[in-house]
Amino acid sequence: MLFNSFHFLFFFVIVTTLYFLLPHNRRWLLLLLSSCYFYMAFVPVYILILGFTIVVDYFAGIFIENAAGKKRKFFLVCSLVANIGILCVFKYYNFINENFSFLLHGFGLTNPIPYLSILLPIGLSFHTFQAMSYTIEVYRGHQKTERHFGIYALYVMFYPQLVAGPIERPQNLLHQFRQQYDFDSDRVFEGLKIMIWGLFKKLVIADRLGIYVSGAYNNVPEQNGMTLLLATIFFSFQVYCDFSGYSDIAIGAAKVMGFDLMTNFRRPILAKSTGEFWQRWHISLSTWFKDYLYFPMGGSRVSVPRWYMNLMVVFLISGLWHGANWTYIIWGGINGFYLVFAIVTQKYRDRFNQFTGIVKRPRLHLFFQISITFLLITFSRIFFRSRNISDAVQVIKKIFTFKGSIFNDGTAIIIYCFFAIFFLLSVELKKEFYRGSFTLSRHKNFWVRNSYYSFLIILIILLGVFDGGQFIYFQF
Amino acid sequence: MSKILTQIVTQRGYLYLLKKLAAFMVLFILFDFIIGSFFRYLYFRQTSGWEFRTKYSVEDTRADILIFGASRAQQQYNPIFFEERLHQTCYNVGRDGQPIFYYYGILNGVLRRYSPKMIFLDIENGVFNSEQSSYDRIGVLLPFYKTHAEMRQVIELKSPYEKMKLQSSIYPFNSLLFKIAVGNTKFNKNRNEDIKGYIPLSGELHEPIRTVSFLNQHVLDTNKINVYRSFINDCIKHHIKLYIVCSPYYMKTIGTDTSISIAKKIAHENNVDFIDYSKDELFLTNSTLFDDTVHVNVAGARIFSNKLIDNILVKE
């Protein structure tokens with residue numbers, strides 16, 4: 001079930017109404033059943049995979065808490081192997097097999113292992129990571145085992161964040177299912193407003209830009225450099241609005257019922273460095289990797305070469321997390337390289353900034369920092385968006401020729417795209433640099449405030465793409 | 001139930017929310033109505049552009065001969081020749097990229113006002129193939145939903161929730177803001193030559209003919225086939241002389257497209273003439289009559305239109 005569908009609208013209204021009408025001790029059951037229905041609306045049979053990981057991790061949690069010494073580690077490893085194993089079978093099996101075939105082919109051999117004809121379960125990487133964070137936290141002693149099977153299952157399956165995050169931690173979410181939330185109209189309104197903004201980002205900005213981006217990237221050989229450059233910049237905004245739009249709807253839907261999900265985006269397009277970008281983009285995944293991979297490897301408290309290697313490993317794995325394709329691994333590698341390069345060159349860049357005197361002009365300096373970061377991140381996304389490496393290389397080659405006129409399948413599309421980006425940037429700049437100054441969305445006057453949200457809904461109806469389809473991050 | 005209602009009424013939070021929601025809805029409905037009415041006004045007073053052509057086809061044309069189809073109708077049938085040689089008025093209602101749902105929607109709009117004497121329906125390869133985009137494109141007919149009851153059946157095919165979405169006065173004009181604005185200026189008139197709905201193509205193709213295989217079967221859309229049948233039936237019911245035409249291609253084919261075979265069969269079942277130019281030697285051997293492999297250019301349109309008229313004159 002897609003957040004941007006009428007199906008979800010009915011589902012949300014019915015579930016939320018029933019949620020507040022039911023006594024507190026029955027709400028978990030309603031949420032669990034509705035989450036099952038929500039997930040089964042995609043491919044029903046895949047709920048069995050989810051069920052398997054829930055059962056494994058539920059018992060793993062209990063065994064870890066009851067055990068001592070090496071046994072604790074053993075149960076943790078069992079749980080991690082089960083989770084990663086499922087991920088490997090459904091997401092990486094064919095990718096590994098394909099590369100194995102390629103390797104054997106180099107030696108003149110044929111790969112006897114067959115390919116699997118399976119569909120990737122929606123949001124597999126998201127709920128697997130969320131489930132793993134539970135057993136790891138229980139193992140570390142930061143989280144008590146959840147003995148109530150239904151509530152544990154709900155922790156993994158809570159419908160707002162089930163298929164595309166935010167990837168929650170048990171410390172933040174589990175206890176909320178036991179908390180009693182009375183109906184609070186202010187909170188309901190707050191949640192609805194977040195949902196409207198999320199829908200706006202998805203339907204008006206992401207899906208509109210997606211029309212142009214798909215047109216260019218699905219037919220790279222026919223496009224010229226300028227078209228691909230524009231499409232790549234558009235894609236940067238598209239992927240941000242698509243994913244953060246989903247997160248906003250998830251956070252808003254949960255808020256309506258009283259739940260607080262973690263912030264997943266903090267205006268990453270205004271990041272001043274690639275390092276800062278990763279503190280603002282997909283925060284729930286970045287912190288997951290930091291807590292469960294980067295720090296256990298030693299983080300930055302190791303020798304300098306090892307530190308650089310840790311960064312590269314985290315980003316390469318992050319790339320692989322996104323998809324079973326070399327394009328994602330290269331994308332991760334480029335971003336890891338950016339961080340290492342930034343650390344290595346920090347001293348020289350500071351000297352250069354002093355030399356040019358740009359530091360004395362903070363606004364100009366800020367503008368350059370934001371622009372350069374945006375361009376670097378956008379460049380790496382060429383690999384993220386391209387269907388294969390050869391397409392990505394072709395895109396890069398063509399872009400750097402700076403030749404050709406911009407492909408224009410109707411002037412209206414380009415105008416809508418620029419309007420969408422302008423609107424987004426206005427809101428983001430206002431939130432980033434002028435917080436607390438004049439505001440429409442939080443204006444004291446009821447009618448002004450609501451006129452603003454009516455206006456947003458009208459823009460959604462007038463300019464939204466209603467046939468745009470699913471969210472980009474569902475495939476992960 | 002009464003318990004729930006009592007709870008809603010007595011708890012301050014619920015009542016407060018309901019009041020606020022009601023106020024918000026009033027505000028929204030008011031905005032929706034005002035802005036929607038403004039767009040409706042602008043839409044129906046356009047004087048050029050794609051939306052104007054659709055509006056003109058549904059609400060204004062009184063031509064004796066109408067030409068239906070997608071880009072291959074719009075860019076290949078020159079009404080001037082039909083008027084000169086058949087001594088009847090003619091208008092080309094074809095629209096680029098539109099599926100058969102569009103043609104049928106327009107036909108319903110036309111038949112509400114009058115019955116043309118003759119209709120040419122251009123059918124192309126894959127016309128019945130199942131594609132989601134065909135349903136999305138019904139969107140261009142949304143502005144007529146409110147005032148044209150006869151077109152609703154087709155428009156509601158767009159999605160199961162279309163009826164609900166169309167409660168909004170703004171939704172019919174979704175994504176049309178820019179086109180409506182331009183349609184109210186002279187910009188399109190200065191840019192595109194529009195000869196009674198026919199838009200000439202000036203390019204010339206210089207490449208060897210390629211071969212296309214139709215041996216792979218596509219999934220067919222029964223809705224499209226049913227709409228095609230309805231199109232024929234409605235023409236017969238209104239005593240309109242209908243010709244179904246497959247216009248020229250610059251490509252050799254292996255096998256026959258399933259859609260074309262079905263279209264031919266249904267036409268014959270209903271005693272409707274099906275005229276096929278897709279394998280016409282004159283066009284297959286002359287690439288310079290084409291703008292691209294599926295559209296003839298202005299010279300090709302002249303030859304094709306006259307060839308078709310010759311055929312009609314012989315038949316009559």
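**Close-ups of a predicted two-chain model**

**View 1. A salt bridge inside chain A.** A:E146 and A:R178 make a salt bridge, with their closest N and O atoms 2.3 Å apart. (To count, a side-chain nitrogen of Lys or Arg must sit within 4 Å of a carboxyl oxygen of Asp or Glu.) The two partners come from distant parts of the chain, 32 residues apart: A:E146 is in the loop between α5 (124-140) and α6 (149-157) of chain A, and A:R178 is in the loop between α7 (170-173) and α8 (185-217) of chain A. Over all chains, the rule gives 27 salt bridges. Keep in mind that this is a predicted model, where local features need pLDDT of at least 70, side-chain atom pairs count only at pLDDT 80 or more, and totals for chains, interfaces and linings use all residues. Residues are numbered from 1 along each chain as its sequence is written, chains are lettered from A and ligands numbered from 1 in the order in which they are written, and side-chain values use heavy atoms, with hydrogens and water left out.

**View 2. The open sheet of chain B.** Here five strands line up in the order β2-β1-β3-β5-β7 (chain B), with parallel pairing. β2 (90-92) and β7 (273-276) of chain B are the edge strands, each with a single partner, so one side of each has no neighbour in the sheet. From one strand to the next, the twist averages 20°. (Strands, E, of at least two residues and helices, H or I, of at least four are DSSP runs numbered from the N terminus; two strands pair if DSSP finds at least two bridges between them.) Take β1 (residues 65-68) of chain B: three bridges join this strand to β2(B), and B:L66 stands opposite B:Y91.

**View 3. Two helices on that sheet.** Helix α5 (residues 79-86) of chain B touches β1, β2 and β3 (118-122) of chain B, and its direction makes about 160° with that of β2(B). Helix α15 (residues 298-315) of chain B lies across β3, β5 (241-246) and β7 of chain B, at about 145° to β7(B). (Contact means heavy atoms within 4.5 Å; axes are lines fitted to C-alpha atoms, for helices over the stretch in contact, and angles run from 0 to 180 degrees between N-to-C directions.)

**View 4. Where chain B meets chain A.** The contact uses 30 residues from chain B and 31 residues from chain A. About 2,900 Å² is buried between them, with carbon and sulfur atoms giving 75%. (That's the accessible area, using a 1.4 Å probe, lost when two parts are put together, summed over both.) How many salt bridges cross the interface of chain B and chain A? The rule finds zero.

**View 5. Two positive phi angles.** B:S175, in the loop between α9 and α10 of chain B, isn't a glycine, yet has a positive phi of about 65°. B:N271 also isn't a glycine, and has a positive phi near 55°; B:N271 lies in the loop between α13 (258-269) and β7 of chain B.
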